[in-house]
Amino acid sequence: YKPELSYCQGMNFIMGFFYVIYQDEEKSFKIFTKVIDMMLLEILQNNLLAVKKNFFIMDCLINDLYPDLSQHFCNEHIESSLFISPWILTLLTSSFQYSPNSHYIYIIWDFIIFEGWKGFYKVVLYFLGKFKRDLLCHRFDQILFFMNEMIKNDYFILQEKIDVPLEIYYKREKEKMKSIPVKKRKIFEFERKFEILQNILN
């Protein structure tokens with residue numbers, strides 16, 4: 001499979017996640033290659049521009065959905081590139097090392113498998129919305145620490161107290177993620193804007 005691709009940071013988390021689920025090396029590898037082809041090939045081919053495009057789209061979506069948080073990030077000189085890189089490279093599977101018993105990672109991957117980058121953006125925006133109140137109270141260093149620690153906190157490892165059965169709880173959370181208004185048309189619009197800006201800069 002694509003011998004021109006060498007090992008890249010994050011591959012081990014994605015492949016390990018699939019192996020834990022399927023307990024079958026061949027099946028895990030086949031799904032792994034499908035995900036690479038669908039979402040990460042351009043990035044793994046050392047295309048820095050592809051990563052920058054993801055950063056740009058994420059910043060635009062945050063501004064669209066949470067303008068108050070976007071303004072706060074701007075005031076604190078925070079861009080998504082400062083916290084989202086490892087999430088992109090591992091497609092959030094790095095959270096699995098902290099929360100192997102949490103079903104949140106499976107909900108996340110439902111969105112990623114069926115919606116690709118649109119699903120990824122939805123999930124990240126959901127995180128930001130869930131913790132927006134905290135983020136609005138933080139300054140630069142605190143924001144970065146909070147974002148880096150997010151995948152280790154109660155949201156994933158379910159130390160927070162819940163008063164309904166887990167199955168119902170996860171179903172509600174999935175519906176909330178699903179309701180995040182990210183449209184393919186909007187993503188395409190931001191992609192075009194990014195390309196235009198790159199052409200101007202070049």
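What percentage of the 202 residues of the protein chain count as buried? The share is 46%. The legends below take the predicted model view by view.

**Figure 1. Overview of the predicted protein chain, built from twelve helices and zero strands.** From the N terminus on, the elements run α-α-α-α-α-α-α-α-α-α-α-α. Among contacts with a separation of 6 or more, 73% join residues 24 or more positions apart. Of the 202 residues, 46% count as buried.

**Figure 2. Confidence along the protein chain, with helices α4 and α10 at the two ends of the range.** The average pLDDT is 87. A score of at least 70 is reached by 90% of the residues. Helix α4 (residues 67-75) has the highest confidence, at a mean of 97. Helix α10 (residues 154-157) has the lowest, at 53. Where pLDDT is low, the predicted coordinates should not be read in detail.

**Figure 3. Packing of helix α1 (residues 11-22) against helix α2 (residues 25-44).** Two packed helices are described by the angle between their axes and the distance between the axes. Here the angle is about 150° and the axes lie 9 Å apart. An angle over 145 degrees counts as roughly antiparallel, so α1 is roughly antiparallel to α2. The crossing of α1 past α2 is right-handed. On the α1 side, the contact residues are Met11, Ile14, Met15, Phe18, Tyr19 and Tyr22. They meet α2 residues that include Glu25, Lys27, Phe29, Phe32 and Leu44.

**Figure 4. The aromatic pair of phenylalanine 83 and tryptophan 87.** The whole structure holds 13 aromatic pairs. In the pair of phenylalanine 83 and tryptophan 87, the ring centres are 5.9 Å apart and the planes meet at 65°. Planes over 60 degrees apart count as edge-to-face, so this pair is edge-to-face. Phenylalanine 83 has a relative accessible area of 1% and is buried. Tryptophan 87, at 3%, is also buried.

**Figure 5. An aromatic cluster of Phe17, Phe18, Tyr106 and Trp109.** These four residues form one cluster.

**Figure 6. Positive phi at histidine 77 and at leucine 92.** Histidine 77 has phi near 60°, a positive value in a residue other than glycine. Its place is in the loop between α4 and α5 (85-90). Is histidine 77 buried or exposed? Histidine 77 is exposed, because its relative accessible area is 65% and the cut-off for exposed is over 50%. Leucine 92 also has a positive phi, near 70°. Leucine 92 lies in the loop between α5 and α6 (104-115). The relative accessibility of leucine 92 is 1%, so leucine 92 counts as buried.

**Figure 7. Methionine 177 and phenylalanine 127, 50 residues apart in sequence.** Their C-alpha atoms are 8.9 Å apart in space. Methionine 177 belongs to helix α11 (residues 166-178). With a relative accessible area of 0%, methionine 177 is buried.

Methods: Residues numbered from 1 in each chain as written. Predicted model: local features only at pLDDT ≥ 70, side-chain atom pairs only at ≥ 80, totals over all residues. Heavy atoms only, no water. pLDDT = per-residue confidence, 0-100. Helix = DSSP H or I, 4+ residues; strand = E, 2+ residues; numbered from the N terminus. Phe/Tyr/Trp six-rings, centres within 6.5 Å; stacked < 30°, edge-to-face > 60°. Buried < 20%, exposed > 50% of the residue type's maximum accessible area, 1.4 Å probe, protein only. Axes fitted to C-alpha atoms, helices over the stretch in contact; angles between N-to-C directions. Parallel < 35°, antiparallel > 145°, perpendicular 65-115°, else oblique. Left-handed = near helix turned anticlockwise from the far one by under 90°. Contact = heavy atoms within 4.5 Å.
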